[in-house]
Amino acid sequence: MHRIWMVDLAREQAPTLDHLYQYAATAQNAGYTALGLYLEHRFAYADTPWSQGKGVVTPAQIQSLQSEFPSLQIIPFINLLGHFEGFFNCEEGRIFREETFTGLQACPSCPEFVTLCQNIITETIATFKSEIIHIGGDETAQLGKCPRCAERMAGQAIDPNKPDEKAWLYQDHFTPLINQVIAAGRRPAMWGDMFLQHPTALENLPKQTLIFDWHYVNGVKESAPKFNGFEVIACPTTAVYNAAWMHLNRTEHNVRECAKDAHELNLAGFCLTTWEQVMLNPYDSIFPAVEWAARIAINPTSPESLPEAFGEAEQWARNLGIELEEMGGVWAASGHRHKLKTRLLLMGNPFLAWLHHRDEIQGERAKQLLLLIEKSIHYAPNEACKNVSFGLRAMIEALIMMNEAHVHYAKGEADAAIGKLAPMRYLFETLARLAKENNERIGGSLADIQRCNIAKAHIETVITRIRKYGNRELGYLPAFEVLTNPRFTPHDQSCWWLVNKWANE
Ligand SMILES: [Zn+2]
């Protein structure tokens with residue numbers, strides 16, 4: 001049975017060879033049979049010199065990894081339709097996108113894109129020695145959106161009794177790519193989600209295709225049997241994207257269920273996916289969970305709990321992985337990327353976090369939150385854990401400062417408001433330093449450092465605005481969320497920049 005750990009390098013991870021060795025050693029020592037590298041645009045393809053951002057994984061690194069860890073399969077996860085945004089948001093890649101400023105999908109009717117997919121497979125096979133070549137295919141939500149695709153798929157059906165034009169378009173794109181992998185003597189693999197949405201796309205699909213059936217709640221009992229005639233890998237995840245750090249209970253349940261189903265249904269394997277270790281959440285802080293999941297993949301009923309698996313970091317893991325979730329609100333699991341972190345770090349305007357999450361720091365709540373974070377700092381046994389805790393403390397403190405600044409601003413006390421925002425710059429300097437440490441220690445996101453710098457620069461802009469307009473110099477006092485918006489324009493009292501949403505597309 002395959003036991004795979006998939007590392008997501010596409011969220012701007014910038015690993016050195018040493019970092020890649022750390023990943024491989026962790027996988028091998030834990031008992032995985034393979035390390036999956038989820039790449040997207042983060043590989044130095046000779047065919048796309050224009051897409052090689054700083055810190056991309058290189059063929060030489062992969063060769064070194066393969067010779068240093070000969071018994072570990074290093075599986076490339078390339079993505080050849082959905083999640084192509086890292087390519088098409090480059091100038092040379094613009095022609096590949098399905099729509100402008102929306103979605104993550106390339107256009108399967110763009111001949112240059114189809115050629116690029118073939119070239120990417122050729123280069124991948126030349127570098128990676130693994131039996132399995134994973135060509136992606138997940139989350140292609142924009143099938144048929146562009147006029148070229150709409151025209152091609154009109155009236156097409158794989159099964160005339162169950163007409164599904166999107167299934168036809170999807171299969172029409174992927175079948176030649178699957179056959180290219182087979183012709184090279186390798187095993188093609190794809191994500192299962194689009195086949196579950198468009199079941200006829202499985203008809204006539206080459207049966208050698210290995211299906212990675214990912215479900216991040218419960219297991220694959222219901223879904224795996226739907227891939228009748230295909231071999232299936234059960235894929236759970238670490239519940240990270242919607243967490244301040246990681247939701248331990250959800251992770252434990254999901255991993256156990258998938259492992260159990262893999263055994264009971266006699267599936268081809270188990271693949272732990274670990275996505276989005278960004279926004280001050282370094283990969284090495286979850287290594288104990290990765291190691292534990294390998295043991296559960298072998299023995300799903302093992303009594304060893306996930307918090308226990310953290311060893312000397314168990315108390316820290318319970319603080320941030322269980323007790324913090326119990327605080328509810330923005331700390332509870334949701335279907336979204338963690339909203340507080342997203343608003344503080346991704347949108348170029350940390351004041352959006354104040355606008356939407358002020359309730360987090362009302363009354364006793366802020367004290368309880370800070371107490372919990374302080375406790376986690378006390379228990380953090382290493383730098384990875386400490387950095388997660390320090391980052392969360394700075395985020396909560398930033399929220400408190402923005403709120404206090406607003407209270408003064410609303411009362412017309414401009415100087416006092418500035419007095420509250422000035423130290424907030426220091427918090428984002430701290431966050432930038434933590435992001436840099438995460439980059440140096442484990443190859444963390446380079447964009448994280450810039451996100452913190454951008455937030456800090458915006459705080460400086462807001463301070464200048466309060467100095468200029470905080471005493472009603474315009475004749476009116478702009479609402480705090482207006483003044484702190486990057487598009488704030490003095491004298492535009494009615495905010496015309498908000499009225500014409502279409503103009504910003
Ligand atoms: Zn198209």
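Tutor: The structure holds 4 cavities of 30 Å³ or more. A cavity here is a set of points, on a 1 Å grid over the protein atoms alone, where a 1.4 Å probe fits but cannot get out, and a lining residue has an atom within 4 Å of a point. Grid points are joined across faces, edges and corners, and a volume is the space filled by probe spheres set on the points. The model is predicted, so local features need pLDDT of at least 70 and side-chain atom pairs count only at pLDDT 80 or more, while totals for chains, interfaces and linings use all residues. Residues are numbered from 1 along each chain as its sequence is written, and side-chain values use heavy atoms, with hydrogens and water left out.

The largest cavity has a volume of about 70 Å³. Its lining consists of V240, Y241, A243, A244, E276, V278, M279, N281, H338 and K341. By class that makes 6 nonpolar, 2 polar and 2 charged residues. In this scheme Ala, Val, Leu, Ile, Met, Phe, Trp, Tyr, Cys and Pro count as nonpolar, Asp, Glu, Lys and Arg as charged, and the others, Gly among them, as polar.

The second largest cavity holds about 60 Å³ of space. Around it are Q13, Q277, V278, L280, N281, P282, A435, N438, G444, S445 and D448. Here the classes come to 4 nonpolar, 6 polar and 1 charged residues. At least three lining residues come from each of domain 1 (2–311) and domain 2 (322–504), with bounds taken from an automatic or database domain assignment.

Next is the open space. A pocket is an open set of grid points with protein on both sides within 12 Å along at least five of seven lines. The largest pocket has a volume of about 570 Å³. It has 22 lining residues, and R11, H83, E139, E276 and R337 are the ones nearest its centre. Its lining divides into 10 nonpolar, 3 polar and 9 charged residues. Domain 1 (2–311) and domain 2 (322–504) each supply at least three residues to the lining of this pocket.

E276 sits in the loop between β8 (269–274) and α9 (287–298), where helices (H or I, at least four residues) and strands (E, at least two) are DSSP runs numbered from the N terminus. Its relative accessibility is 15%, so E276 counts as buried. Buried means under 20% relative accessible area, exposed over 50%, and partly exposed in between, computed with a 1.4 Å probe on protein chains only. Its backbone is also worth noting: E276 is not a glycine, and its phi is positive, near 55°. Most residues other than glycine have a negative phi.

E12 lies in the loop between β1 (2–8) and α1 (17–30). With a relative accessible area of 23%, E12 is partly exposed, whereas E276 is buried.
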